[in-house]
Amino acid sequence: MNAFSSENISFLLSGLWITLQVAIISVLLSIVFGMFLGMIRYIKIPYVSKVLGVIIDTLRNLPLLLIIFFTYFALPQLGIKLDIFWSTVLALSIFESAMISEIIRGGLQALPEGQMEAGLASGLKKSTVMCEILLPQAIASTLPSIVSQLIALVKDTSLATIITLPELTHNAKIIYAQDTNFVFPMFIAMAVMYFTICYALSLFARYLKKNRYAA
């Protein structure tokens, strides 16, 4: 049997589709929650921002695999039962939200001082100044970093093979477990697929960075 038979390629592509679904949903959730958390930390709400900062710093310094184990094995002990797919999405979203929140907060802190005061002095609400004036600037300046972080997220989906999510790495392992001669071809296939996705994103990040400095 050929390592790259139609059956094997179809099986790999089904795993790639799961990988893409997990990545896309996690990316969207991470961006939304990451921006929200970054803004909360930036405006320094008494007590809330400090507690949130401790939680975010803790999450950023934990192994992602540990968070995946927690969402899949520990949450059911607390009465929250999720299937493998959504456990993976939740774990990736939690971890990447913490990462992106710090990127956004850094972008906000890098903005010229006085914009918030100027906006408030002109009669705008604090939330309006944040969402319509400060946040767009922070996103524009940190977009390459955000894209780079999302590239890491795509690669991190492979960790879900440990809880048997049928994503790309998991399906490749099943194929070469049937014939050890397929190990090298499957690693080549995985490398090509991951590289194609991540390199496309990296080119996008370079484009954003180049246009940012050209502006």
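Phe195 is exposed, with a relative accessible area of 52%, in this predicted model. Its ring forms a stacked aromatic pair with that of Tyr199, at 5.0 Å centre to centre and 10 degrees between the planes. Tyr199 is partly exposed, its relative accessible area being 36%. Both residues belong to helix H8, where four residues, about one turn of the helix, separate Phe195 from Tyr199.

**Other aromatic pairs**

Five aromatic pairs are found in a search of the whole structure. One of them joins Tyr176 and Phe187, whose ring centres lie 5.8 Å apart; the planes meet at 20 degrees, so this pair is stacked. Tyr176 lies in helix H7 (residues 168-178) and Phe187 in helix H8 (residues 183-214), so the pair ties together parts that are 11 residues apart in sequence. Phe187 is partly exposed, with a relative accessible area of 43%. Elsewhere in the chain, Phe69, Tyr72 and Phe73 are linked into a cluster by ring pairs.

**Salt bridges**

Side chains of opposite charge can pair when their charged atoms come close. The structure holds four salt bridges, among them the three listed below.

| Salt bridge | Closest N to O distance |
|---|---|
| Arg41 and Glu102 | 2.6 Å |
| Arg60 and Asp57 | 3.4 Å |

By contrast, Arg60 and Asp57 are both in helix H2, three residues apart, about one turn of the helix.

Is each of these side chains buried or exposed? Arg41 has a relative accessible area of 14% and is therefore buried, and Glu102 is buried as well. Asp57 is partly exposed at a relative accessible area of 32%, and Arg60 is partly exposed, with a value of 32%.

Methods:
Residues numbered from 1 in each chain as written. Predicted model: local features only at pLDDT ≥ 70, side-chain atom pairs only at ≥ 80, totals over all residues. Heavy atoms only, no water. Salt bridge = Lys/Arg side-chain N within 4 Å of Asp/Glu carboxyl O. Buried < 20%, exposed > 50% of the residue type's maximum accessible area, 1.4 Å probe, protein only. Helix = DSSP H or I, 4+ residues; strand = E, 2+ residues; numbered from the N terminus. Phe/Tyr/Trp six-rings, centres within 6.5 Å; stacked < 30°, edge-to-face > 60°.
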